[in-house]
Protein chains: 2
Amino acid sequence: MTDTAKPRREQILDSASRLFSERGYHATSMRDLAGDLGMQGGSLYAHISSKEELLIEIVNQASRQFDTALFTLRGEAMPADQKLREAMYRHIRVVADNMDSATVFFHEWKHLSPEAYARVTGWRDTIDAFYRELITQGVQEGTFRADLDIKMTSYLVLSAVNWAYTWYRPGGNLGPRDVAEQFADMLLGGLRAPTGERP
Amino acid sequence: MTDTAKPRREQILDSASRLFSERGYHATSMRDLAGDLGMQGGSLYAHISSKEELLIEIVNQASRQFDTALFTLRGEAMPADQKLREAMYRHIRVVADNMDSATVFFHEWKHLSPEAYARVTGWRDTIDAFYRELITQGVQEGTFRADLDIKMTSYLVLSAVNWAYTWYRPGGNLGPRDVAEQFADMLLGGLRAPTGERP
DNA sequence: CCTACCGATCGGTAGG
DNA sequence: CCTACCGATCGGTAGG
């Protein structure tokens with residue numbers, strides 16, 4: 001007989017992710033959380049030390065997922081359009097595979113204590129830098145239009161991949177790959193129909 | 001002597017928008033809010049009836065702004081690319097001019113009571129429908145690529161205009177018009193550099 | 001992991 | 001608009 005159950009601490013984090021994402025961090029009481037796990041409020045503190053510890057761990061976990069997904073791409077030698085496509089896929093996949101913690105990440109990071117707050121802000125800057133680098137590369141190598149504003153372009157890309165946490169539904173007929181390919185096609189090629197002839 | 005001060009009720013709503021957007025609805029106490037206005041907690045209830053009333057009013061106000069901005073565009077006869085450009089401008093302008101209530105709108109609508117919650121969900125559907133209609137028009141008239149997926153395209157556009165609440169800073173050197181023009185240029189024309197010749 | 005409890009704070013009210 | 005207060009609930013702890 002093997003022990004197939006997740007460690008209790010992980011169960012607590014899973015429940016917390018779900019409840020925090022549905023109701024928000026402050027609107028979820030420790031008794032709500034305990035009830036979701038079939039225990040009494042005070043019992044939680046045998047496994048964790050504070051409510052904020054849960055938030056910190058959920059947010060850190062999400063950050064780490066984005067990092068792992070994107071930074072292996074950083075050094076790879078491929079055309080910028082292909083790299084953008086792959087980055088968007090990985091980014092959306094992290095969101096799609098972690099809808100709860102991604103939602104907590106985007107909504108509740110403001111409630112972190114200064115130290116953890118600073119870490120998240122730093123993470124955000126790192127991701128920004130990743131996309132700006134990618135776009136700069138694309139402009140320099142001639143893959144992307146030369147007149148792109150790097151900052152605005154990366155905002156546009158980040159909008160597309162981040163906003164997915166609001167509408168994406170796992171288990172539907174659209175996987176992260178499909179979403180990324182469609183978004184990348186539209187972003188790279190544009191929405192406008194090709195003109196048949198020039199006047 | 002004219003009375004230049006805003007009515008107290010509006011002041012309360014302004015403060016509430018700011019505090020709710022910074023700290024979140026549940027993390028803002030009525031005493032925080034009262035303190036921000038230089039009064040005692042209980043005194044607020046001379047002007048309002050409940051905390052949720054504030055949230056409802058802030059969210060409704062934001063909804064109304066989006067409605068007013070977009071629905072006058074609905075019937076206008078113009079090419080879809082131009083209409084998309086204008087819609088994005090108006091949408092971003094509402095966000096930019098109402099950063100606080102827009103943030104509350106996007107983050108705190110889940111905490112509304114069922115009735116108000118349903119109203120917001122309905123609003124969301126209406127805005128979705130507006131953009132899908134616009135894109136459908138563009139495909140039908142040949143302005144947009146024929147192979148666009150209407151739903152995905154509208155998600156992409158909505159991502160761009162909505163996500164602005166996270167990064168836009170009013171008073172900077174970038175007005176809503178600038179942002180919208182740049183986003184529309186990129187979305188319509190694509191990021192990829194035009195190929196000089198075909199192989 | 002439970003029971004029983006702590007001080008603090010919550011949204012809201014009464015009476016002025 | 002203030003003072004004083006209400007019951008309810010909060011995060012967390014002690015002792016088992």
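**View 1. The buried side of A:His91 in the predicted model.** A:His91 counts as buried because its relative accessibility is 1%, where buried means under 20% relative accessible area, computed with a 1.4 Å probe on protein chains only. A:His91 lies in helix 4 of chain A, helices being DSSP runs of H or I with at least four residues, numbered from the N terminus. Apart from its neighbours within four places in sequence, A:His91 is in contact with residues including A:Phe66, A:Tyr131 and A:Asn162, contact meaning heavy atoms within 4.5 Å. This is a predicted model, in which local features need pLDDT of at least 70 and side-chain atom pairs count only at pLDDT 80 or more, whereas totals for chains, interfaces and linings use all residues. Residues are numbered from 1 along each chain as its sequence is written, chains are lettered from A and ligands numbered from 1 in the order in which they are written, and side-chain values use heavy atoms, with hydrogens and water left out.

**View 2. The area between chain A and chain B.** About 4100 Å² is buried between the two chains, and carbon and sulfur atoms give 65% of it; buried area is the accessible area (1.4 Å probe) that two parts lose on being put together, summed over both. A:Trp163, A:Leu191 and A:Arg192 supply 20% of the area that chain A buries against chain B, more than any other three residues.

**View 3. A salt bridge across the interface.** The rule finds 2 salt bridges between chain A and chain B, each a side-chain nitrogen of Lys or Arg within 4 Å of a carboxyl oxygen of Asp or Glu. A:Asp81 pairs in this way with B:Arg192, their closest N and O atoms being 2.9 Å apart.

Note on methods
Helix = DSSP H or I, 4+ residues; strand = E, 2+ residues; numbered from the N terminus. Buried < 20%, exposed > 50% of the residue type's maximum accessible area, 1.4 Å probe, protein only.
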